[in-house]
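This report describes the structure shown below, with attention to its charged pairs, its strands and its nonpolar core.

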Amino acid sequence: MAIGNAVQKGTLIYVYDQDGRQVTSISAPGRFPEDGLKGYTPNSIHVQKGELIYAYDETGHQVGRPIPVQHGNVE
């Protein structure tokens with residue numbers, strides 16, 4: 001299953017498959033203005049929480065270690 005779309009509404013990020021069906025949601029608490037959805041690919045969702053970027057798979061599970069935000073170069 002590939003990620004077709006990811007949309008943030010409030011403090012939740014909703015993840016949809018290629019057929020438009022919701023497959024999961026990810027919490028994205030907005031403690032800081034820059035927190036939240038930063039982007040997605042067919043295989044992962046990238047979410048900023050504070051000074052770290054977290055990666056999640058299509059089922060909403062965190063993958064790998066969070067990486068520090070590179071100011072001026074957030075992808």
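## Salt bridges

The side chains of Asp17 and Arg21 meet in a salt bridge, with 3.3 Å from N to O; a salt bridge is here a side-chain nitrogen of Lys or Arg within 4 Å of a carboxyl oxygen of Asp or Glu. Asp17 is buried, at a relative accessible area of 10%. The terms for exposure are set by relative accessible area: buried is under 20%, exposed over 50% and partly exposed in between, with a 1.4 Å probe and protein chains only.

Arg21 also forms a salt bridge with Asp19, where the closest N and O atoms are 3.1 Å apart. Both Asp19 and Arg21 are exposed. Through shared partners, the salt bridges join Asp17, Asp19 and Arg21 into one network. A search of the whole structure finds two salt bridges.

## Basis of the model

The model is predicted: local features need pLDDT of at least 70, side-chain atom pairs count only at pLDDT 80 or more, and totals for chains, interfaces and linings use all residues. Residues are numbered from 1 along each chain as its sequence is written, and side-chain values use heavy atoms, with hydrogens and water left out.

## The three-stranded sheet

An open sheet of three strands has the order β1-β2-β3, with antiparallel pairing. Strands are DSSP runs of E with at least two residues, numbered from the N terminus, and two strands pair if DSSP finds at least two bridges between them. The edge strands are β1 and β3, each of which pairs on one side only. Neighbouring strands of this sheet are turned by 20 degrees against each other on average, direction ignored; the axes are lines fitted to C-alpha atoms, and angles run from 0 to 180 degrees between N-to-C directions.

Strand β1 (residues 3–9) is joined to β2 (residues 12–17) by six bridges. Along this pair, Val7 stands opposite Tyr14 and Lys9 stands opposite Leu12. The two strands form a hairpin with two residues between them, and Gly10 in the turn has a positive phi of about 65 degrees.

Five bridges join β2 to β3 (residues 22–27), with Val15 opposite Thr24. The hairpin of β2 and β3 has four residues between the strands, and Gly20 takes a positive phi near 85 degrees there.

## The four-stranded sheet

Four strands form an open sheet in the order β4-β5-β6-β7, again with antiparallel pairing. Strands β4 (36–40) and β7 (62–68) stand at the edges with a single partner strand each, so one side of each is left without a neighbour in the sheet. Neighbouring strands of this sheet are turned by 25 degrees against each other on average, direction ignored.

The pairing of β4 with β5 is antiparallel and runs over four bridges. Tyr40 stands opposite Ile45 in β5.

## The nonpolar core

The largest nonpolar core has 10 residues: Ile3, Ala6, Ile13, Val15, Ile26, Ala28, Ile45, Val47, Tyr54 and Tyr56. The elements that give two or more residues to this core are β1, β2, β5 (45–49) and β6 (52–56). Such a core is a set of buried Ala, Val, Leu, Ile, Met, Phe, Trp, Tyr and Cys residues joined through side-chain atoms within 4.5 Å.

Ile13 has contacts (heavy atoms within 4.5 Å) that include Ala6, Ile26, Ala28, Ile45 and Val47, leaving aside its neighbours within four places in sequence. Thr24, Gly36 and Leu37 are also among its contacts.
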